Amino acid sequence: MSEWCVSDAGCGGETGLYLNGSHPTLEDGVVTREVLGTNVWWWWGYSNQCGAYSSTSIRVKACPGDYYVYELVKPIISSTRPMYCAVAFQSISSDPCYNYESLDRPWRANNESGDYICDELFSWNGWYRLFYYGMDIKMPETCVSSYTCNANINLWFNDPHPQIEDGVV
C-alpha cells in the first residue's frame with residue numbers, strides 16, 4: 001500500500017486510501033496503521049485534499065522475502081467510492097535475492113585444499129549465492145590464509161555483511 005497521498009482515481013476509486021505512516025520491519029511484527037484518503041471535490045471546482053478522509057485502521061505485517069500482508073477492513077463510507085491503493089515496485093525478477101546463480105563448488109571453502117584454481121579464469125556475470133555441498137555459506141569477514149580455498153591469494157570482506165534492511169551495499 002502507498003505511504004503517501006495518492007491522486008483521486010489513481011487506483012480505481014474516487015477516494016484513494018493510503019497508510020498514514022511507514023510499513024513495519026520484520027522485527028515489529030503485526031502493527032496497526034491509520035488509513036487516510038484523498039477527497040476530491042467537484043462541486044466548486046477540482047480540489048485534491050490529501051488526508052481529508054480518515055477510514056478504519058488496518059493491521060500490517062512484514063514478511064521474510066520482502067513483502068507485506070494486510071488485514072484489510074471495509075472502508076468507512078463517508079466519502080465517495082474509497083479504494084485501497086497499492087504501489088507497484090521493481091519486479092521481483094530483478095531483485096538479486098531471487099535472481100542469482102548458485103555457486104556450489106566445495107573447493108571454494110576455506111577448509112578445502114587441492115588443485116589451485118583462479119577466479120580470473122571464470123566469466124563472472126551477475127549475482128551469485130554461495131553453497132558448500134548444498135548448505136548456505138558466505139564470504140569470510142576476516143583474513144584467510146594463503147593456499148586455502150584452493151588458491152594462492154584469497155579474498156575476503158574487510159567489513160561485515162549487510163543486514164537485510166541495508167539492501168544492496
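Is Tyr-133 buried or exposed? Tyr-133 is exposed, with a relative accessible area of 55%. Here buried means under 20% relative accessible area, exposed means over 50%, and partly exposed lies in between (1.4 Å probe, protein chains only).

The model is a predicted one: local features need pLDDT of at least 70, side-chain atom pairs count only at pLDDT 80 or more, and totals for chains, interfaces and linings use all residues. Residues are numbered from 1 along each chain as its sequence is written, and side-chain values use heavy atoms, with hydrogens and water left out.

Confidence is expressed as pLDDT, the predictor's confidence in each residue, from 0 to 100. The chain has a mean pLDDT of 78. A value of 70 or more is reached by 75% of its residues. Among the elements, strand E4 (residues 67-71) has the highest mean pLDDT, 92. Strand E3 (residues 47-63) has the lowest, 80.

The chain contains eight strands and zero helices. Its pattern along the sequence is β-β-β-β-β-β-β-β. Both element types are DSSP runs numbered from the N terminus: helices are H or I with at least four residues, strands E with at least two. Of the 169 residues, 27% count as buried. Contacts are heavy atoms within 4.5 Å. Among contacts between residues at least 6 apart in sequence, 47% join residues at least 24 apart.

The largest nonpolar core has nine residues in all. Such a core is a set of buried Ala, Val, Leu, Ile, Met, Phe, Trp, Tyr and Cys residues joined through side-chain atoms within 4.5 Å. Its members are Met-1, Leu-17, Leu-19, Val-31, Val-35, Tyr-53, Ile-58, Val-60 and Tyr-84. Strand E1 (15-19), strand E2 (30-41) and E3 each give two or more residues to this core. The largest share, three residues, comes from E3. Leaving aside neighbours within four places in sequence, the contacts of Leu-17 include Met-1, Val-35, Tyr-53 and Tyr-84. Pro-75 is also in contact with Leu-17.

Ser-55 lies in strand E3. Ser-55 is buried, with a relative accessible area of 6%. Beyond its neighbours within four places in sequence, Ser-55 is in contact with Val-35, Pro-75 and Ile-76.

Three strands form an open sheet with mixed pairing, in the order E6-E7-E8. Two strands pair if DSSP finds at least two bridges between them. Strands E6 (101-104) and E8 (135-136) are the edge strands, each pairing on one side only. Strand E7 (residues 128-132) runs antiparallel to E8, and two bridges join them. Tyr-132 stands opposite Met-135 in E8.

The structure holds two aromatic pairs. Trp-124 and Tyr-128 have ring centres 5.0 Å apart and planes at 85 degrees, so this pair is edge-to-face. Tyr-132 and Tyr-133 also form an edge-to-face pair, because their ring centres are 4.8 Å apart and their planes lie at 75 degrees. The rule covers rings of Phe, Tyr and Trp (its six-membered ring) with centres within 6.5 Å; planes under 30 degrees apart count as stacked, over 60 as edge-to-face and the rest as tilted. Trp-124, at 39% relative accessibility, is partly exposed. Tyr-128, at 24%, is also partly exposed. Tyr-132 counts as buried at 15%, whereas Tyr-133 is exposed at 55%.

The count of disulfides comes to zero, where a disulfide is a pair of cysteine sulfur atoms within 2.5 Å. Cys-63 is buried at 12% relative accessibility. Cys-97 is exposed at 57%.
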